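The sequence and the structure come first.

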Amino acid sequence: MNFESAFLNVLYFSAVIYALAFILYGIRAIKGPTTADIILAVDCLSFDMAAFMVVLGIYFKSIMLASGAIILALWAFMLDVYYTKYVLYGEVEV
């Protein structure tokens with residue numbers, strides 16, 4: 001087994017793990033009993049999606065997927081900031 005074959009096996013395994021995580025986060029986002037559970041599930045889903053985009057970028061040898069992952073991660077961070085401001089102060093101002 002050479003390095004490239006082992007690397008592809010790791011990529012396939014990580015894709016399966018990410019798919020399982022997406023399904024579990026989706027269930028929690030739909031069934032979440034509180035708003036905090038739903039926000040946390042969407043937050044974890046978006047950060048995992050960004051990491052999965054980087055894994056796909058490595059597989060397809062594309063830098064564009066990595067730049068999209070950075071934008072998605074920044075969006076998820078802003079979701080955290082806005083939700084925290086809403087919980088602490090009751091309103092979101094820019």
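Phenylalanine 3 and phenylalanine 7 lie 4 residues apart in helix H1 (residues 3–31), so about one helical turn separates them. Helices here are DSSP runs of H or I with at least four residues, strands are runs of E with at least two, and both are numbered from the N terminus. Phenylalanine 3 counts as exposed, at 70% relative accessibility, while phenylalanine 7 is partly exposed, with a relative accessible area of 34%. Buried means under 20% relative accessible area, exposed means over 50%, and partly exposed lies in between (1.4 Å probe, protein chains only).

The model is predicted: local features need pLDDT of at least 70, side-chain atom pairs count only at pLDDT 80 or more, and totals for chains, interfaces and linings use all residues. Residues are numbered from 1 along each chain as its sequence is written, and side-chain values use heavy atoms, with hydrogens and water left out.

## Other ring pairs

The search of the whole structure gives 6 aromatic pairs. Rings of Phe, Tyr and Trp (its six-membered ring) pair if their centres lie within 6.5 Å; planes under 30 degrees apart are stacked, over 60 edge-to-face, and the rest tilted. One of the pairs is that of phenylalanine 3 and phenylalanine 7, which is stacked, with 6.2 Å centre to centre and 20° between the planes.

Phenylalanine 7, as noted, is partly exposed. The ring centres of tyrosine 59 and phenylalanine 60 are 5.0 Å apart and their planes are at 70°, so this pair is edge-to-face. Tyrosine 59 is partly exposed at 35% relative accessibility, and phenylalanine 60 is exposed at 52%. Ring pairs also join Tyr12, Tyr59 and Phe60 in a cluster.

## Fold and dimensions

The protein has 3 helices and 0 strands, in the order α-α-α from the N terminus. Its radius of gyration is 16 Å, well over the 12 Å that the globule rule gives for 94 residues, so the protein is more spread out than a compact globule. The radius is taken over C-alpha atoms, and the rule is 2.2 Å times the number of residues to the power 0.38. Along the principal axes, the C-alpha atoms fill a box of roughly 55 × 30 × 15 Å.

## Burial

Of the 94 residues, 19% count as buried.
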